[in-house]
Structure formats: structure tokens, C-alpha cells
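This report describes selected strands, helices and charged pairs, taking each group in turn. The sequence and structure are shown first, and the account follows.

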Amino acid sequence: AKQQRGLPSGVMAEAAAEPTDVTEAATIRDHGDGSEVTSEDDDDRRELNEQLGEESSAWLLEESMKDLKVATIGNVDSGKSTLVGVLTRGMLDDGRGKARAKVFNFSHEQANGRTSSIAQEIMGFRENGELVTLDRPGAPTAASRNAMWQHIVSQSKRIVTFIDLCGHEKYLKTTIFGLVGLCPDHAMIIVNANAGFQRMSREHLGIALALRIPITVVVTKIDIAPQNVFDENMAFLHRLLKSTAVRKEPFVVKTEADVVQAVQGVAKDKVCPIFCVSNVTGEGLDFLRTYVQSMPSRLQESGLFRNPTLPAEFHIDAVYTVTGVGVVVSGLVRGGKIRVNQQLLLGPDKSCHFIPVLVRTIHYKRSPADVVHSGQAASFSIRSLDKKHQLKKASFRKGMVLVDPALQPKATREFRAEVVILHHATTVRQRYQAMVHCGIVRQAAAVKDMSCELLRTGDKAIVTFRFVYHGEYLVVGSTILFREGRTKGLGRIIELVDESTVDDKEWPLHGLKGERGTATVKH
């Protein structure tokens with residue numbers, strides 16, 4: 001076991017050297033600020049109980065929406081997009097890319113069969129558990145997708161959104177953005193029964209475990225895998241899940257009763273269900289559909305979303321220019337609720353400023369809506385209320401948010417975090433640079449100060465980071481993931497440093513090259 005040094009409170013790591021060479025995983029204990037709400041008289045207690053009742057009812061309203069987000073991850077050519085196409089369209093694959101063609105966003109993805117962007121598809125279930133499908137699904141065009149989504153939303157009691165992520169190492173940053181920024185409730189690790197659990201699958205598994213996302217393993221292509229190869233890969237999968245780095249009990253689902261047991265085990269964070277399916281013959285798909293329908297929501301348990309009664313906060317993950325409409329932003333409501341004609345602040349831009357904007361129209365699941373709540377993904381048509389700042393697609397960047405003016409948002413350039421190093425070949429010290437992922441924020445940051453001299457794999461410390469290029473909108477308590485090549489670390493923000501108190505505002509832009517302990521950032 002690795003020796004662990006410099007333990008700060010509130011951080012817990014699960015790091016182990018296993019013969020399977022799985023990426024070390026870490027978790028951070030959720031903890032508050034230690035403060036207790038007290039009242040000195042009955043009136044205060046009564047008021048507090050009323051407030052808690054309102055908050056509970058608001059969360060119950062969100063639970064009634066029954067909107068679940070599932071991310072598909074795994075190595076390239078494992079069948080992620082095909083599985084999403086088969087599940088959401090209620091069809092079988094032909095073995096030559098028929099199902100995945102309905103999921104891909106771009107023509108070059110269809111040409112080489114590799115996902116290079118984040119695709120989202122939905123599947124709906126009626127009250128009796130029946131899958132909602134279109135009688136005559138059209139060609140995969142924007143108009144047909146809009147019609148299909150609107151039909152599913154109007155006919156469904158429960159909606160499951162699949163987030164199809166990239167498997168190739170070249171697009172790892174896009175996959176991390178999907179796992180960190182889009183806040184999935186569950187992660188499905190897709191494994192090719194022929195190839196087994198490969199290197200990028202281990203990378204994705206380590207990231208999902210570090211972010212404390214419940215995992216489910218789906219073994220595909222069982223119809224073409226030789227029995228001896230299938231048995232070897234399943235045995236390796238069992239050893240991997242039981243290892244000290246993962247610590248999950250593998251549970252192969254073979255019957256309807258097993259599905260119920262798997263759902264209960266995942267809710268208690270004890271087991272990792274394994275489904276063996278074939279997208280061509282349909283074997284095992286019924287059990288997987290039943291399982292997906294019964295998956296519990298983690299809207300409250302994840303700690304990623306604030307109460308709908310609080311001021312609004314919306315994280316932007318994509319920007320579009322629509323003819324006749326103007327600028328449209330899509331993303332995730334992380335707190336509060338947003339209505340049509342509501343005024344919000346957009347930012348921070350490259351100069352760290354926020355500008356007032358007006359929400360003109362709202363679309364939820366490609367259908368018009370009047371209001372969206374915390375935990376829901378939506379699209380807004382917005383316009384600027386400042387005549388000096390006209391909105392253009394080029395004026396947006398990664399990390400921008402829409403927030404209620406009551407939050408008085410500020411751009412943060414420097415922050416402190418409790419971190420643990422999950423994997424690093426050498427040492428981390430001052431002036432070390434890495435790519436920091438925090439929600440939708442993705443920017444290079446340098447280590448300005450540490451509570452110890454250097455860090456190696458498994459070590460923990462309090463580290464001060466400073467963004468290299470510009471400030472970002474951050475919130476205390478947010479989880480950060482930083483990487484440089486294969487280096488990975490996990491942390492939680494504990495303090496935002498006021499820029500007015502920083503002496504050297506040009507750090508680390510000067511004197512960085514050639515310094516010992518620095519590293520180039522691999523985007």
C-alpha cells in the first residue's frame with residue numbers, strides 16, 4: 001500500500017496498486033461548513049420548519065419529473081453509440097452501423113464510426129412501463145429528431161436521457177467534460193466481449209469512480225465472441241470490480257428478479273450490475289431496458305444541484321446561432337428556476353465581466369416550455385440588454401454561466417482546494433500546470449502554493465491554483481478534476497481568493513518556461 005502524507009480534513013482517497021493496473025480512484029467526503037441553524041424562540045423554529053417544508057416540496061416536485069441522465073463510456077469500438085441507438089429507437093442493429101447512424105451528430109463520425117462529440121438521445125416510458133416509439137421513424141435529420149423528441153416527451157411518464165461520450169483517447173477532454181459538466185446520474189461502461197476491458201475503459205472507470213458516479217457494466221457483441229474469450233474477459237472483469245481500487249461486488253443479471261436486486265444494490269452503492277447483450281440478436285436487451293427504467297434519480301444525493309427555491313444558476317455547455325431566432329444557449333440548470341422574460345447575468349467573458357440578458361424563449365427536450373427547474377437541461381434564446389454588447393457566437397467561451405443578479409457573481413482567477421493525486425509518474429510541485437475541469441469550466445491552471453513541498457500518487461494537500469488565461473465563475477464546494485497527459489488529481493474547492501488581495505496578478509505568465517517542476521499542458 002502507498003504511504004499517504006499531509007492529510008487535510010474532508011478528503012478521502014482510495015488509491016491502490018493492483019495487478020490489473022486500474023486507474024486509482026478517489027472520493028471526497030461531502031461535508032458542510034460545520035455551522036448549525038439554531039433559534040432562540042418558538043417563532044424562529046416555526047419559520048425554519050416552514051422553510052424546510054417548502055424546500056422539501058420543491059425537491060419532491062423535481063423528483064416527480066423523473067428525468068434521468070445516463071452517460072455511456074468505454075473504449076473505442078465497444079459499441080456505445082450502437083447501444084444508445086438500439087435502446088432509444090426500439091430497433092435492432094444490422095451489424096454494419098445502422099443503429100449508430102441515428103445517433104451521430106456529424107457526417108465524419110458516420111464515415112469513420114467514431115464519436116467525436118457529445119450526442120444526446122432520449123427514451124420514454126409510459127406509466128405501464130411500455131417504451132414510447134414513433135411508428136414511422138424518419139431519416140436522422142434535425143426536423144425528424146425534433147418531432148420524435150416532442151412525441152416522446154408528450155407521451156412519457158418517465159424520460160431517460162442518454163449522453164453518448166467519446167471512446168477514443170484523442171477526445172478524452174470531451175469525455176471528461178461530459179462526465180464533469182453534464183452531471184449524469186449514472187454511468188454505463190460499455191465493454192466489447194471480444195476485446196475485453198481495455199486501457200481507455202480503465203481511464204473512464206477511474207474518472208467515474210473519482211466523481212462518485214454509480215457505474216453499470218454492459219458487455220456487448222456477445223453474439224460474435226468465442227466462448228473461451230468471453231469467459232476470460234468476464235473473469236477479468238470480476239477481478240477488476242472486486243479489486244481494492246473499485247470495491248464493487250459484480251452481479252451478472254440473468255433474470256427479471258436479478259434486475260430488481262441490481263437496482264436495489266446500486267441504490268445502496270454495494271454492487272455493480274453486469275449485463276450481457278447483443279445489439280444484433282437482441283439478447284439481454286429487455287433486462288437492460290427494465291433496469292434503465294427503474295434506475296433511481298440522484299438529484300438530491302449527488303449534491304450537484306441547489307434547491308429550486310434559491311436564485312437561478314445555469315451552466316452553458318453549447319452555443320448556436322439559429323436563423324430567425326438569434327443566439328441560443330443550451331446547458332444545465334444547477335439551481336433555482338428560470339422563466340420566460342427573466343433577466344439574468346451572462347459571463348464571465350474574457351475580461352471577467354457579466355452583462356445583463358433577457359431570456360426570450362425556453363425549450364426543454366426540444367419542446368417549448370415556460371419554466372425549467374434545477375436539474376433540468378434546457379435551451380434558451382437570449383438577447384443582450386446592454387446596447388454596447390451585442391451577443392455573437394464568437395463572444396462565448398467554455399465556462400460561461402447565466403445567473404440571477406441576486407447572487408452578485410464574480411470571476412475568480414485564484415482559488416484553494418483540497419486535492420488528492422490519483423495518478424502521476426513523477427512529482428507535482430509549485431508552478432506545475434494542468435488542465436482543470438470544474439463543471440463546465442475547462443482551463444489551464446498553475447500551482448501557486450501547496451501545503452507541502454511536493455506531491456506524488458496518493459498524496460493529499462491544500463493547493464492554491466491560479467488560472468493561466470482569465471477568471472472563471474466558481475462556487476465553494478465544487479469538485480475539480482485536473483489532468484496533464486495521464487496525470488489525474490481530484491479535489492474540492494474550499495476558498496475563492498479575492499483578486500484585489502493578490503499581489504502578483506501577472507503570475508504565472510512570466511518566468512514560467514524553463515522552471516523546474518513545470519509541465520506543458522496537453523489539451
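A residue counts as buried when its relative accessible area is under 20%, as exposed when that area is over 50%, and as partly exposed in between. The model discussed here is a predicted one.

**Strand β22 and its partners**

By that cut-off, seven of the ten residues of strand β22 (residues 441–450) are buried, so β22 is largely enclosed by the rest of the structure. On one side, β22 runs antiparallel to strand β21 (residues 433–438), to which six bridges join it, and within this pairing valine 436 stands opposite glutamine 443 of β22. The two strands form a hairpin with two residues between them, where glycine 439 takes a positive phi near 65°. Strand β22 also pairs with strand β23 (residues 460–467), again in the antiparallel sense and over five bridges, and here valine 447 is placed opposite phenylalanine 465 of β23.

**A buried arginine without a salt bridge**

Arginine 483 belongs to strand β24, which covers residues 479–484. What is the nearest side chain of opposite charge to arginine 483, and how far away is it? That side chain is glutamate 203, at 7.6 Å, and arginine 483 is thus buried yet has no salt bridge, given that a salt bridge requires a side-chain nitrogen of Lys or Arg within 4 Å of a carboxyl oxygen of Asp or Glu.

**Salt bridges between separated parts of the chain**

The count of salt bridges in the model comes to 14.

| Lysine 365 | Aspartate 67 | 3.5 Å |

Arginine 416 is in strand β20 (residues 414–423) and glutamate 495 in strand β25 (residues 487–497), so the pair ties together parts that are 79 residues apart in sequence.

Arginine 466 is buried, with a relative accessible area of 0%, whereas glutamate 499, at 23%, counts as partly exposed. Arg466 and Glu499 are linked with Glu414 and Lys448 in a network of salt bridges.

An open sheet of eight strands with mixed pairing has the order β5-β4-β6-β3-β7-β8-β10-β9. Its edge strands are β5 (131–132) and β9 (249–252), each of which pairs on one side only. Strand β9 pairs with strand β10 (residues 271–276) in the parallel sense over four bridges, and proline 250 has cysteine 272 of β10 as its bridge partner.

Helix α8 (residues 256–267) has twelve residues, which at 1.5 Å a residue should span 16 Å, and its end C-alpha atoms are 17 Å apart, which agrees. Within α8, Asp258, Val259, Ala262, Val263, Gly265 and Val266 are buried. Seen down the axis of α8, its buried residues fall within an arc of 165°, so they line one face of the helix. The face of α8 turned away from this buried side carries the exposed residues Ala257 and Ala267.

Helix α5 (residues 172–181), for its part, is mostly covered, with nine of its ten residues buried, including Leu172, Ile176, Phe177, Leu179 and Val180. Just after α5, cysteine 183 takes a positive phi of about 50°.

Key
Residues are numbered from 1 along each chain as its sequence is written. This is a predicted model: local features need pLDDT of at least 70, side-chain atom pairs count only at pLDDT 80 or more; totals for chains, interfaces and linings use all residues. Side-chain values use heavy atoms; hydrogens and water are left out. Buried means under 20% relative accessible area, exposed over 50%, partly exposed in between (1.4 Å probe, protein chains only). Lys and Arg count as positive and Asp and Glu as negative; His and the chain ends are not counted. Two strands pair if DSSP finds at least two bridges between them. The expected span of a helix is 1.5 Å times one less than its number of residues. The arc is that of the directions from the helix axis to the C-beta atoms.
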